[in-house]
Amino acid sequence: MSLALSTLIFEWRRYMAAVISLAVAGVLMLALAGMFVGIIKSFTATVDRSRAQVIILSASTDSFSGPGGGESLPARVMPLIYRHPEVTDVADMQQGFGSFYGPGATQPSFTNIMVVDTSPNAVTLPDDFTDDMRRILDVPYNIAVDRSAVGSLGVKKGDLATINGRTVRIALIVKGYANTQAANVVMSRQTFRLLGQYNDDQVGMLMVRIKDPARADQVRDELNAMADGQYRAWTKPELSAAMAKDLLSDGFIAQILGFLNTIGFFIGVVITWQTLRGAILSNIKEFASMRALGASLGDLRLVIIELSIWVGVFGIAMAALAMSGLTAIAGMVNIPMGFQPQLLIQTAILLLLISIGSGMLTLGALNKGDPADLLR
């Protein structure tokens, strides 16, 4: 075990404040971004959890939420997708909006309607829907409501409500389909037709299943080459990433995230630097003794840098534990949270750089450890 690590373990109380400050900085950087990513994933839940590998949107689409993202496709596009030999199933993901009245409500609630097919292994059926759930939604006028919307809609399982003047039954309470803008309700294509919102001339995004899911990228490129400007094909990860980038680059959101990152960086640098400096100064006689025994100032500086790296490692671990707990609590209160791998990696690297930078700022404290001071 190295001198730096053994010092950190033995004197852990002196360095705990630095570890905690790094963890707090990491939580500040990740918490709000995690909420935004979670909200984004709630918007794309039916796409991300569908059994499709390729998604077809209008040709002008830049992302699911960007320009063209809400445009319908002409129904004639659907048979064109079958021209590709890898394609096995194509179905459109219809969506709509409804005026929802719960039991005893006098004011309507605005709801987002998500439509799924209820045939076994349907390409639009979310992969987290069990066979029992599928059969329940197959009953006309049965709908599912996300549990995050139960309170705002004033309903419970088994209640009757109305959507656009038609009576529906809350047959399922589902999890993971929260929506901060409008409550999500899920229904079958048959029920959607009965509500009078289905348009046979226009279709929503097309969900495409292919023979070999591993070839999704290649099939996407080939479908785009065949599109002739009539549509644009995406893979599911590509579409989700584009939507996340589109929303996170929004001016207001970017300002909030930048502000929190600045605060987190400031907290991390200042507290970690001062804590490390205080810990080094409290052990300055030990460092002076090491210099008297022949250790060079350069060797001691390397010890401080290694010590700061270990502080960063433990700070990252504590931040990970804190975010895991925070995510679990958020799930209990129906707050969607999500994390992009690149965001987690970037935050971990930044915390490590903060710790190393703080260690470098602390190197000047070693100048106070002159071996001659031991003789005083």
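Predicted model: local features only at pLDDT ≥ 70, side-chain atom pairs only at ≥ 80, totals over all residues.

Colleague: How far apart are the end C-alpha atoms of α13, and what span should its residues give?

Modeller: The end C-alpha atoms are 32 Å apart. That agrees with expectation, because the 22 residues of α13, 341-362, should span 32 Å at 1.5 Å a residue.

Colleague: Which residues of α13 are buried?

Modeller: They are L343, T347, L351, I354, S355, S358, G359 and T362. Viewed down the helix axis, these buried residues fall within an arc of 155 degrees, so they line one face of α13.

Colleague: And which are exposed on the other side?

Modeller: P341, I345, Q346, L353 and M360 are exposed there.

Colleague: What is the relative accessible area of I349?

Modeller: The value is 48%. I349 is therefore partly exposed, since exposed means over 50%.

Colleague: Turning to the loops, where is N164, and what is its phi?

Modeller: N164 is in the loop between β7 (160-163) and β8 (166-174). Its phi is near 50 degrees, a positive value in a residue other than glycine. N164 is partly exposed, at 33% relative accessibility.

Colleague: What about D228: buried or exposed?

Modeller: D228 is exposed, with 67% relative accessibility. This residue sits in the loop between α8 (216-226) and β12 (232-235), and its phi is positive, near 55 degrees.

Conventions: Residues numbered from 1 in each chain as written. Heavy atoms only, no water. Helix = DSSP H or I, 4+ residues; strand = E, 2+ residues; numbered from the N terminus. Expected span 1.5 Å × (residues − 1). Buried < 20%, exposed > 50% of the residue type's maximum accessible area, 1.4 Å probe, protein only. Arc of directions from axis to C-beta.
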